[in-house]
Amino acid sequence: MSKEKFDYTKAVARLDEIAAKVEDPKTSLDDIGGLVKESRRLIKECREYLRSVRESIKED
């Protein structure tokens, strides 16, 4: 089973969507909990991606 390739641009766009939903007063607290959890995962993946890009640049 192969892991799907990480798409930084899509991850950042999703983080923007999550921020908008969290700021929306219509969003329930239960939903916010799940959104925060998802955003933590995305932020972690973005950081890992940026580190790998930085390392690949240093190697060249």
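A crossing of two helices is termed left-handed if the near helix is turned anticlockwise from the far one by less than a right angle, and right-handed if the turn is clockwise. By this criterion, H1 passes H2 in a left-handed crossing in the predicted model described here. Residues are numbered from 1 along each chain as its sequence is written, and side-chain values use heavy atoms, with hydrogens and water left out. Because the model is predicted, local features need pLDDT of at least 70 and side-chain atom pairs count only at pLDDT 80 or more, whereas totals for chains, interfaces and linings use all residues.

Helices are DSSP runs of H or I with at least four residues, numbered from the N terminus. The axes of H1 and H2, taken as lines fitted to C-alpha atoms over the stretch in contact, with angles from 0 to 180 degrees between N-to-C directions, come within 10 Å and cross at roughly 155°. The two helices are therefore roughly antiparallel to each other, a term applied to angles over 145 degrees. The contact (heavy atoms within 4.5 Å) involves residues of H1 including Ala-11, Val-12, Leu-15 and Ile-18, and residues of H2 including Leu-35, Ser-39, Leu-42 and Cys-46.

Ser-39, which is found in helix H2 (residues 29-59), is buried, with a relative accessible area of 14%; buried means under 20% relative accessible area, exposed over 50% and partly exposed in between, for a 1.4 Å probe and protein chains only. Not counting residues up to four places away in sequence, Ser-39 touches Leu-15 and Ile-18. A polar atom of the Ser-39 side chain lies 2.7 Å from the backbone oxygen of Val-36.

Two aromatic pairs are found in a search of the whole structure, a pair being rings of Phe, Tyr or Trp (its six-membered ring) whose centres lie within 6.5 Å, with planes under 30 degrees apart counted as stacked, over 60 as edge-to-face and the rest as tilted. The rings of Phe-6 and Tyr-49 have centres 5.5 Å apart and planes at 45°, so this pair is tilted. Since Phe-6 lies in the segment before helix H1 (8-23) and Tyr-49 in helix H2, the pair ties together parts that are 43 residues apart in sequence. Phe-6 is partly exposed at 26% relative accessibility, as is Tyr-49 at 33%. Tyr-8 and Tyr-49 form a stacked pair, 5.5 Å centre to centre with 20° between the planes, which links Tyr-8 in helix H1 to Tyr-49 in helix H2, 41 residues apart. Tyr-8 is partly exposed, with a relative accessible area of 29%, and Phe-6, Tyr-8 and Tyr-49 form one aromatic cluster.

How values were computed
Polar contact = N/O pair within 3.5 Å; in protein donor to acceptor, adjacent residues only side chain to side chain. Parallel < 35°, antiparallel > 145°, perpendicular 65-115°, else oblique.
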